[in-house]
Amino acid sequence: MLPESTIGWDVGGAHLKAALVDGGGRLLQVVQLPCPLWQGMEHLHSALDGALAVLGECANHAVTMSGEMVDLFRDRREGVRELAAALEQRFGDASVHFYAGAHGFVAPAQTRDYALRIASANWRASAELVARRIPAALFVDIGSTTTDIAVIDAGQVHGRGEDDAQRMAVDELIYTGVVRTPVMAFAHRVPFAGEWTTVASEHFATAADIHRLTGQLHEGADQHPAADGGEKTVAASARRLARMIGRDVDSAPLREWRRLARWLTRSQIETIEHACARALSRGLLDDEAPVVGAGTGRFLAVELAVRLKRPYRDFVSLFAGADADPEWISTCAPAVAVAYLGRTANRHGAGSVDR
């Protein structure tokens, strides 16, 4: 067991992410495992075992989550309570604290009282860590399922919403990602073969197929079965995309399916750009404040910065000298962030955050 180290956990509805930080504050390793939590708690336990087999047992744990939203649970309060109880039991005698957003960290016994603060606070953990290292920025985390947007000014996170409902209402949480989002959510009509073609309202293809066709999706990002359960190849992605407009893949050459994928990518970026424009219209940031990109889809954030005419900083750049794979550092940003933020909480008790 590693007595001076901390593992940060991000317990999502589809993935379990974990990051190991040593006693000196060096990021040693990051891991993401598929965890289809909506299918049962056994998937969480299996993913925990897999992560700990890589990271090793640790005396200190800091936890954030969004998995309480899955329909395995009656509501978010129940989800937080059950996930917290499962983690406390799994970690045994180790010190474990749960991230409650602006309140800081709470002990397991406090999770019932702070359930709605703990629920889906993982976005804030990432934004808060960025705020401590870059005092002014537009933080954009484009993940497998969702995109989080946060304005950072004077070293503080200026979110208009706290919970998912509030953040969705003000476009700080957008349900678009680069892996799991159904293609039917990208656009109602697309240009193809000289016509505007209706998109089927069917789960024939996902964002992973689009970004695999454009060549931007990094290897290992797509950890769940494809929409048809088939192969995760360019050819298979083209076949699935063709179904979205009622065609067979051999009705057009591969270059046309790639062209369609690029058009859909632009449509997705525009959705995120409009949300960023809304955030920037608050007037809190000057023109030099960068876009800080995180998440497995941060390649879209690079293009977003160009569109917004702002410099770009990568979340990975905050961790010079880290031993962990840069791709996974960004993909698992909330787990990395909560590991750093939780180091003081585990040393000195709940309610504190490492500053």
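Predicted model: local features only at pLDDT ≥ 70, side-chain atom pairs only at ≥ 80, totals over all residues.

Trainee: How are two packed helices described?

Mentor: Two packed helices are described by the angle between their axes and the distance between the axes. Take helix 7, residues 234-244, and helix 8, residues 254-280: they pack at an angle of about 70 degrees, and their axes are 10 Å apart. Angles of 65 to 115 degrees count as roughly perpendicular, and helix 7 and helix 8 are therefore roughly perpendicular to each other.

Trainee: Which residues of helix 7 and helix 8 make the contact?

Mentor: Helix 7 contributes Val234, Ala238, Leu241 and Ala242. From helix 8 come Leu254, Trp257, Arg258, Leu260, Ala261 and Leu264. By kind, nine residues of this contact are nonpolar, none is polar and one is charged.

Trainee: At what angle do helix 8 and helix 9 pack?

Mentor: The angle between helix 8 and helix 9 (residues 298-308) is about 55 degrees, with the axes 10 Å apart. That makes helix 8 oblique to helix 9. Their crossing is right-handed.

Trainee: What do the residues in the contact of helix 8 with helix 9 divide into?

Mentor: They divide into seven nonpolar, two polar and five charged residues. Among those on the helix 8 side are Thr265, Gln268, Ile269 and Glu273, and they belong to a set that meets Leu300, Glu303, Leu304, Arg307 and Leu308 in helix 9.

Trainee: Now the cores. Where do nonpolar side chains tend to be in soluble globular proteins?

Mentor: In such proteins, nonpolar side chains tend to be buried together. Here the largest nonpolar core has 38 residues. Leu27, Val30, Phe139, Phe315, Phe319, Ile329 and Val336 have the most contacts inside this core. The elements that give two or more residues to the core include strand 3 (27-34), helix 4 (122-133), strand 7 (137-142) and helix 11 (333-341). Helix 11 gives the most, with eight residues.

Trainee: What is valine 336 in contact with, leaving aside its neighbours within four places in sequence?

Mentor: Valine 336 is in contact with Ala19, Leu27, Val30, Phe315, Phe319 and Ile329. There is also a second, separate core of 35 residues, which includes Ala51, Leu52, Leu83 and Val106.

Trainee: Is valine 183 buried or exposed?

Mentor: Residues under 20% relative accessible area count as buried, and valine 183, at 2% relative accessibility, is therefore buried. Valine 183 is in the loop between strand 10 (173-174) and strand 11 (189-192). Beyond its neighbours within four places in sequence, valine 183 is in contact with Ala205, Thr206, Ala207, Ile210, Leu241, Met244 and Leu264.

Trainee: Is a charged residue such as glutamate 78 buried or exposed?

Mentor: Glutamate 78 counts as buried, at 17% relative accessibility. Glutamate 78 lies in helix 2 (residues 76-91). Not counting residues up to four places away in sequence, glutamate 78 touches Leu72 and Phe73.

Technical notes
Residues numbered from 1 in each chain as written. Heavy atoms only, no water. Axes fitted to C-alpha atoms, helices over the stretch in contact; angles between N-to-C directions. Helix = DSSP H or I, 4+ residues; strand = E, 2+ residues; numbered from the N terminus. Parallel < 35°, antiparallel > 145°, perpendicular 65-115°, else oblique. Contact = heavy atoms within 4.5 Å. Nonpolar A, V, L, I, M, F, W, Y, C, P; charged D, E, K, R; others polar. Core = buried A, V, L, I, M, F, W, Y, C linked by side-chain atoms within 4.5 Å. Buried < 20%, exposed > 50% of the residue type's maximum accessible area, 1.4 Å probe, protein only. Left-handed = near helix turned anticlockwise from the far one by under 90°.
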